[in-house]
Amino acid sequence: MAETFLNYIDGKWVPAASEETFLDINPARPGEVVGEFQRSGADDVDAAVGAATRAHEEWRKTPAPLRGEVVARATRLLTERKPELAETITREMGKVLVDSGYDVQGAITSGEYMSGEGRRMFGDTVPSGLPNRLAMSIREPVGVVGIVTPWNLPMLMPAWKLFPALVCGNTVVVKPAEDTPMTAVRFFEILEEAGIPPGVANLVTGYGPEAGHPLVTHPDVDMVSFTGSRAVGRQIAISAGEDLKHVSLEMGGKNALVVLDDADVSEAVTGALWGGFSTAGQRCTASSRLVVDHKVADDVVAGLVEGIERLVVGDPLDTETNLGPLINRKQLDRVHSYTEVGQEEGAQLVVGGEKLEEGFDGGYFYSPTLFDHASPNMRIAQEEIFGPTITVIRVDGYDEAIEVANGTRYGLSAAVYTRDTGRALRAVRDLEAGLVYLNAPTIGSEIHLPFGGVKDTGNGHRESGTAAIDQFTELKTVFLDYSGTLQRAHIDEPID
Ligand code: NDP
């Protein structure tokens, strides 16, 4: 019998109003049930938003350093439990332990950074144009925030949103992905133990249309912070626009790793293998497109084939394994359908392209896959596959490399391998991406720097670092006049 886990609303663990549940399964062994979770609907979301609304008044008046203390305590608990949390993530979503450890560590570093923001959260103090007057801006919370997260980073993603939102004085309702509710429940157990007051942070598990949709459209939700696919993000932007809600969207990527003719080919291959196959390619920043100068392309492809042959696909709890299963059957079929599309389009399938069945316990395993000689407009070079598939596009020189790298609707992360400093700096200037890496793959961001993308990847916001504080606060401009008389800005200012 699987253990049943509840929603967390107003400081209590409660079942969904419908009393319906759903099962969370281990994608490496679909026969193994991780747990049974609440299938929440509009009533549960309403209860959670109501609790967040009631708790907001007191939480926003709690001094920011004290709000930061709660985050600091949660961070200490995350640190103590890192190994067991990493194992939970691996069981629930199938990525290897080293990737799950990164996921928990991402939450920990976010907590460390954001708890300190409770003592910073700077506004500006600037000179007034009038005598005997102080002028400044201060930060205030936005209000109630609805947070909707994907399954590929089930601990880091909620933490990246929840920690800054809380430190800034917002109250929140989180709807995690249906494939990873266990990690979210463990996170909320930690928040409770850390002393989060009732109603300040609430959790409703369930499906996107049933629980996510009522959350993002709820009239008392002031802001939506979403990470996920472009298709869902776009719908959220449309409804949030109608209601004039704040909305922050972090969506997909089709990230280019560019290898110029003067690159250290061996470094580029090592980077591409890590960037392309970490978390079995299920990363928004995955190095899924390799844009390679034809002068070094044969060497790059040969190096990749050699590297792929060394990759171990199997039980993600085994520390020798490099690639675990994909998240679910649907995603396995989707990734495989792109292999068929690539072949139909005329790209050359070099290795992989197979569902792995024999000896894999019915798990959703896919072989690391490499396409070569793709042209830039093929679907496998344009659409986010979100699996262990790397597509090589051969180009002639710097200008074509940049044109191809920029030639998608997405703009999350880009990388360039070159030994020429001038070309490296030109690439930083020319690549249309929110993140650019030189001589490193497209994954590997750090918490104290902004994270997010341009074009269809985002809507202009950034997560992480002080950019997260900008996102989760409203600026209030304050004038303090001690002149004892009426002063009129732009009228009484002295002009020579
Ligand atoms: P989805 O967009 O399918 O789902 C994201 C979240 O939205 C889930 O919690 C989902 O619930 C929920 N959801 C689904 N439909 C609705 C709806 N109508 N209203 C409100 N919420 C809804 O993305 P995935 O979970 O499949 O994640 C993969 C995607 O996330 C990729 O495109 C990837 O690039 C992107 N991503 C982007 C990142 C970034 O920072 N730019 C980082 C990580 C991932 P449910 O799980 O029930 O479907």
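For sorting residues by class, Ala, Val, Leu, Ile, Met, Phe, Trp, Tyr, Cys and Pro count as nonpolar, Asp, Glu, Lys and Arg as charged, and the others, Gly among them, as polar. The model here is a predicted one, so local features need pLDDT of at least 70 and side-chain atom pairs count only at pLDDT 80 or more, while totals for chains, interfaces and linings use all residues. Residues are numbered from 1 along each chain as its sequence is written, and side-chain values use heavy atoms, with hydrogens and water left out.

Overall, the protein has 15 helices and 23 strands, taken as DSSP runs numbered from the N terminus (helices: H or I, at least four residues; strands: E, at least two). For 496 residues, a compact globule would come out near 23 Å in radius of gyration, and the protein's 24 Å agrees with that; the radius is taken over C-alpha atoms, and the globule rule is 2.2 Å times the number of residues to the power 0.38. As for burial (under 20% relative accessible area is buried, over 50% exposed, in between partly exposed; 1.4 Å probe, protein chains only), 57% of the 496 residues count as buried.

Now for the holes. Rolling a probe the size of a water molecule over the atoms shows where empty space is left. A cavity is a set of points, on a 1 Å grid over the protein atoms alone, where a 1.4 Å probe fits but cannot get out; lining residues have an atom within 4 Å of a point. Grid points are joined across faces, edges and corners, and the volume is the space filled by probe spheres set on them. Searching the whole structure turns up three cavities of 30 Å³ or more.

The largest cavity has a volume of about 100 Å³. Its lining takes in 14 residues, with Tyr102, Leu153, Arg283, Thr285 and Phe451 nearest the centre. Helix α5 (residues 156-167) gives the largest share of that lining, three residues. By class, the lining splits into nine nonpolar, four polar and one charged.

The second largest cavity holds about 90 Å³. Of its 16 lining residues, Arg289, Ala405, Tyr410, Ser413 and Glu432 lie nearest the centre. Strands β19 (410-411) and β20 (413-417) are the elements that give two or more residues to this lining, which has seven nonpolar, five polar and four charged residues.

His373, in the loop between β17 (369-372) and α12 (379-382), has a positive phi near 55 degrees despite not being glycine. Lys455, in strand β22 (residues 454-455), also has phi near 55 degrees.

Definitions and conventions: 1 Å grid on protein atoms, 1.4 Å probe; cavity = no way out; pocket = protein on both sides within 12 Å on 5 of 7 lines; lining within 4 Å.
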